[in-house]
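Colleague: I am new to reading models like this one. May I ask how you know what you say about it?
Modeller: Please do. Here it is.

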Amino acid sequence: MVYGRLAPAEVSLKSGALPMGLARGFKLRNDVPEGGVLGWDDVEVDETMLALQLRRELERTTRG
């Protein structure tokens, strides 16, 4: 079972959190403790996904 919570973009980017909407289908690299935050480093991402490319662009523009 998983759950998510909303966080401001600055908090999400600072913690390296993986958006729940992008998590489906990615293979887990690391165990994530109960109550922990699933991060980009915890999964094997498919950089060819359009949604992921758009998220990466959004992160770049948010960081300035």
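Modeller: Setting aside neighbours within four places in sequence, E59 is in contact with L13 and W40. This is a predicted model.

Colleague: What makes E59 and L13 a contact?

Modeller: Contact means heavy atoms within 4.5 Å. E59 meets that cut-off with L13, and with W40 too.

Colleague: What makes the pairing of E59 with the side chain of W40 a polar contact?

Modeller: Look at the distance. The two side chains make their polar contact at 3.3 Å. The cut-off for a pair of N or O atoms is 3.5 Å, with one able to donate a hydrogen and the other to accept it. The value of 3.3 Å lies within 3.5 Å, so the pair counts.

Colleague: Where is E59?

Modeller: E59 is in helix α3, which covers residues 50–63.

Colleague: Why is E59 called buried?

Modeller: Its relative accessible area is 5%. Buried means under 20%. So E59 is buried.

Colleague: And why is V2 called exposed?

Modeller: V2 has a relative accessible area of 66%. Exposed means over 50%, so V2 qualifies. V2 is found in the segment before α1 (9–15).

Colleague: How far is V2 from W40, between C-alpha atoms?

Modeller: They are separated by 16 Å. Along the chain, V2 and W40 are 38 residues apart.

Colleague: What about L22: buried or exposed?

Modeller: L22 has 10% relative accessibility. That is under 20%, so L22 counts as buried. L22 sits in helix α2, residues 20–23.

Colleague: Which residues does L22 touch, not counting those up to four places away in sequence?

Modeller: L22 touches W40, A51, L52 and R55.

Colleague: Why is V45 called partly exposed?

Modeller: V45 has a relative accessible area of 24%. Buried needs under 20%, and exposed needs over 50%. The value of 24% falls in between, so V45 is partly exposed.

Colleague: Where is V45, and what is it in contact with?

Modeller: V45 is in the loop between β2 (43–44) and α3. Leaving aside neighbours within four places in sequence, V45 is in contact with F26, W40, L52 and R56. The C-alpha atoms of V45 and L22 are separated by 9.1 Å, and the two residues are 23 apart along the chain. From V45 to R29 the C-alpha separation is 10.0 Å.

Colleague: Now the whole chain. How many helices and strands does the chain have?

Modeller: The chain has three helices and two strands. Their order along the sequence is α-α-β-β-α.

Colleague: How much of the chain is buried?

Modeller: Buried residues make up 22% of the 64 residues. E59 has a place among the buried residues, with its 5%.

Note on methods:
Residues are numbered from 1 along each chain as its sequence is written. This is a predicted model: local features need pLDDT of at least 70, side-chain atom pairs count only at pLDDT 80 or more; totals for chains, interfaces and linings use all residues. Side-chain values use heavy atoms; hydrogens and water are left out. Helices (H or I, at least four residues) and strands (E, at least two) are DSSP runs, numbered from the N terminus. Buried means under 20% relative accessible area, exposed over 50%, partly exposed in between (1.4 Å probe, protein chains only).
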